[in-house]
Amino acid sequence: MNIKEYISSGIVESYVLGLASEQERMEFEQLCARYPELIEARTRFELLLEKQAIEHAEAPPVDSKRRIWTAIEQASSPNTSKIITMEPTTTRRSSGARWLAAASVILMLAAGYFAYDFYSKSKKLEESNQEMQARLSQKDSMMDVKAEQERIMRDPKVTVVNLTPMKPAAPSVDVYWDTTNANVYMLVKNMPKLASDKQYQLWSIIDSAGKLKPTSLGLFDGGNEKFFFKVPNVQHSDAFAITVEKAGNTGGPDLGQLQNKGDIKRKL
């Protein structure tokens, strides 16, 4: 489908103004989920209408609706009198002027009421549009993460480190280290939920002449069935490990709470 031609066909305006048929409306909403530019076109038109409504409308008095209908009923009520009184020309002209003035007031009140009503509906449409955009953004973000995950799993330049569970309830963890750009990706499955004052912490460990030097790669919460975690700029490491620490830990690892650990097997 040529989405630009579809937008220029006038369907956006018809949909927002409620002039589209049921089939057109359903097709439009389905296409919104596939084409972000269609949502943008709808948003621009809604904002244009809202701007015009705000610039030209004032909130009517509370009893505007009652006054409008009362005036209409009085103007349309039949004259039940059978006696016709002849009036002077000047009186008839004065009566006509009063009718014109009354009609002007009715039109003014009606315009104010319907403009305010349109403004309220426009605000609801805007809120609905924002909610739809948020859902689409979340969906796009999940798709990006999945694509990145598939890419690193297939990249022969990425080193895979399996972190062995050190506790019975420890999660299943694989670390992917892309040495070409120094990025580390961690894939965790079935991570148990911790108390509110605890967090998991990922460590990069360097073996310097038999002395282990841990460096924190970040804290994260548990409770997820599947978790994908990215850490940039990891230049060197001999092993990776996960511990349970106090929330916001800035010190070293608590080895008594070691959950997973995996050594990096160097390629010959």
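Two strands pair if DSSP finds at least two bridges between them, and the strands themselves are DSSP runs of E with at least two residues, while helices are runs of H or I with at least four residues, both numbered from the N terminus. With that in hand, welcome to a predicted model, in which local features need pLDDT of at least 70, side-chain atom pairs count only at pLDDT 80 or more, and totals for chains, interfaces and linings use all residues. Residues are numbered from 1 along each chain as its sequence is written, and side-chain values use heavy atoms, with hydrogens and water left out.

**The sheet**

Let us start with the strands. An open sheet of 8 strands runs in the order β5-β4-β7-β8-β1-β2-β3-β6, and its pairing is antiparallel. β5 (211–220) and β6 stand at the edges with a single partner strand each, so one side of each has no neighbour in the sheet. From one strand to the next, the twist averages 25°; the angles run from 0 to 180 degrees between N-to-C directions, with axes as lines fitted to C-alpha atoms.

The loop between β4 and β5 holds A209. Phi of A209 is near 55°, a positive value in a residue other than glycine. As background, most residues other than glycine have a negative phi. A209 is also exposed, with a relative accessible area of 84%; exposed means over 50% relative accessible area, buried under 20%, and partly exposed in between (1.4 Å probe, protein chains only).

Which strand does β1 (residues 158–165) meet through 6 bridges? The partner is β2 (residues 172–178), and the two strands run antiparallel. β1 and β2 form a hairpin with 6 residues between them, and V158 has D178 as its bridge partner in β2. β1 is also joined to β8 by 2 bridges, again antiparallel, and here P165 stands opposite N260 in β8.

S237 lies in the loop between β6 (226–231) and β7. Is S237 buried or exposed? S237 counts as buried, at 0% relative accessibility. Its side chain makes a polar contact with the side chain of S204 at 2.9 Å and reaches the backbone oxygen of A239 at 2.8 Å. A polar contact is a pair of N or O atoms within 3.5 Å; within protein, one must be able to donate a hydrogen and the other to accept it, and residues adjacent in sequence count only if both atoms are side-chain atoms.

T250 sits in the loop between β7 (239–246) and β8 (258–263). T250 is exposed, with a relative accessible area of 79%. The C-alpha atoms of T250 and L219 are separated by 9.7 Å, although these residues are 31 apart along the chain.

**Helix α2**

The buried residues of α2 are F28, L31 and C32. They cover an arc of only 105° around the axis, which puts them on the same side of α2; the arc is that of the directions from the helix axis to the C-beta atoms. Q23 and Q30 are exposed on the other side of α2.

**Salt bridges**

A salt bridge is a side-chain nitrogen of Lys or Arg within 4 Å of a carboxyl oxygen of Asp or Glu. By this rule the count comes to 4 salt bridges, including those in the table.

| Salt bridge | N to O distance |
|---|---|
| E22 and R25 | 2.5 Å |
| E46 and R42 | 3.6 Å |
| D263 and K261 | 2.9 Å |

Salt bridges that share partners join E22, R25 and E29 into one network. E22 and R25 are 3 residues apart in helix α2 (residues 22–32), so about one helical turn separates them. E22 is partly exposed, with a relative accessible area of 47%, and R25 counts as partly exposed at 29% relative accessibility.

E46 and R42 are 4 residues apart in helix α3 (residues 36–56), so about one helical turn separates this pair. Both E46 and R42 are buried. K261, the partner of D263, is partly exposed, with a relative accessible area of 27%.
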